[in-house]
Amino acid sequence: MADAQCLCGALKLMLREPPKLVVACHCIACQRRTGSPFSVGAFYAIDAVEISGAATEFVRVGDSGRSVRIYFCPTCGSTIYWKPDALPSMIGVAVGALADTDFPAPVLSIFERSKHHWVQFDGKVEHFQQGAMQKYSPDLTRGSESR
């Protein structure tokens, strides 16, 4: 259905289903991880993603207190995907790695407490000063377990 890859093409993901959720995150960790004011991630059921190529793992503790495993290409350094322990059946994919200008816009904007004041989103976006795990994780987990 869709493919994501790093800058050099050594690390690739084949995504066999549409994303369950698209999120813009303004947390400081995502700003530092991407080198930009926010990240945009698409969340997929982990069993709908096929990964090929080598990846280096970096583990950090997220604001939820749980680990987030971030995977990047050891050759070019592009961050392509991550696995939050808080959503064990999901995988987050960097929307920029899809290189699809028609990709759906985020429906959530999280950790806006650290959002740059000049960042604005058009359309219907739900805004959260912190995370939205409590609201969305049961739906995401339930959706992937029902297959």
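Predicted model: local features only at pLDDT ≥ 70, side-chain atom pairs only at ≥ 80, totals over all residues.

Colleague: How many helices and strands does the protein chain have?

Modeller: There are 2 helices and 11 strands in the protein chain.

Colleague: And what share of the residues counts as buried?

Modeller: 42% of the 147 residues of the protein chain. As for contacts between residues at least 6 apart in sequence, 54% of them join residues at least 24 apart.

Colleague: OK, sheets. What's the strand order in the open sheet of 8 strands?

Modeller: The order is β6-β7-β8-β9-β4-β3-β10-β11, and the pairing is mixed. At the edges you find β6 (56–61) and β11, each with a single partner strand, so one side of each has no neighbour in the sheet.

Colleague: In which sense do β3 and β10 pair?

Modeller: Parallel, over 3 bridges. If you want a landmark there, A24 has S109 in β10 as its bridge partner.

Colleague: Now the sheet with 3 strands. What's the order there?

Modeller: That open sheet goes β1-β2-β5, with antiparallel pairing. β1 and β5 (49–52) are the edge strands, each pairing on one side only. On average, neighbouring strands of this sheet are turned by 20° against each other, ignoring direction.

Colleague: Let's look at D3. Where does it lie?

Modeller: D3 is in strand β1, which covers residues 2–5.

Colleague: Is D3 buried or exposed?

Modeller: Exposed: the relative accessible area of D3 is 52%, and the cut-off for exposed is over 50%.

Colleague: Which residues is D3 in contact with, leaving aside neighbours within four places in sequence?

Modeller: L13, M14, L15, A97 and L98.

Colleague: What does Y44 touch, beyond residues up to four places away in sequence?

Modeller: Y44 touches L15, E17, P18, P19, V49, S89, M90, I91, V93, L98 and F103.

Colleague: Nice list. On to aromatics: how many aromatic pairs are there?

Modeller: The count comes to 3 aromatic pairs. One of them is F38 with F121: the ring centres are 5.5 Å apart and the planes are at 70°, so that pair is edge-to-face.

Colleague: Where in the chain do F38 and F121 sit?

Modeller: F38 is in the loop between α1 (28–34) and β4 (39–45), and F121 is in the loop between β10 (108–110) and β11 (126–127). The two are 83 residues apart, and the pair links distant parts of the chain.

Colleague: What's the exposure of F38?

Modeller: F38 counts as partly exposed at 24% relative accessibility. F121 also counts as partly exposed, at 23%.

Colleague: Are Y71 and Y81 buried or exposed?

Modeller: Both Y71 and Y81 are buried.

Colleague: Staying with β8, what about T79?

Modeller: T79 lies in strand β8. T79 is buried because its relative accessible area is 18%, and buried means under 20%. Not counting residues up to four places away in sequence, T79 touches R33, I70, Y71, F72 and A94.

Colleague: R33, interesting. Which ring does R33 lie over?

Modeller: R33 lies over the face of W82, at 4.5 Å from the ring centre.

Technical notes
Residues numbered from 1 in each chain as written. Heavy atoms only, no water. Helix = DSSP H or I, 4+ residues; strand = E, 2+ residues; numbered from the N terminus. Buried < 20%, exposed > 50% of the residue type's maximum accessible area, 1.4 Å probe, protein only. Contact = heavy atoms within 4.5 Å. Pairing = 2+ DSSP bridges. Axes fitted to C-alpha atoms, helices over the stretch in contact; angles between N-to-C directions. Phe/Tyr/Trp six-rings, centres within 6.5 Å; stacked < 30°, edge-to-face > 60°. Lys NZ or Arg CZ within 6 Å of the ring centre and 35° of its normal.
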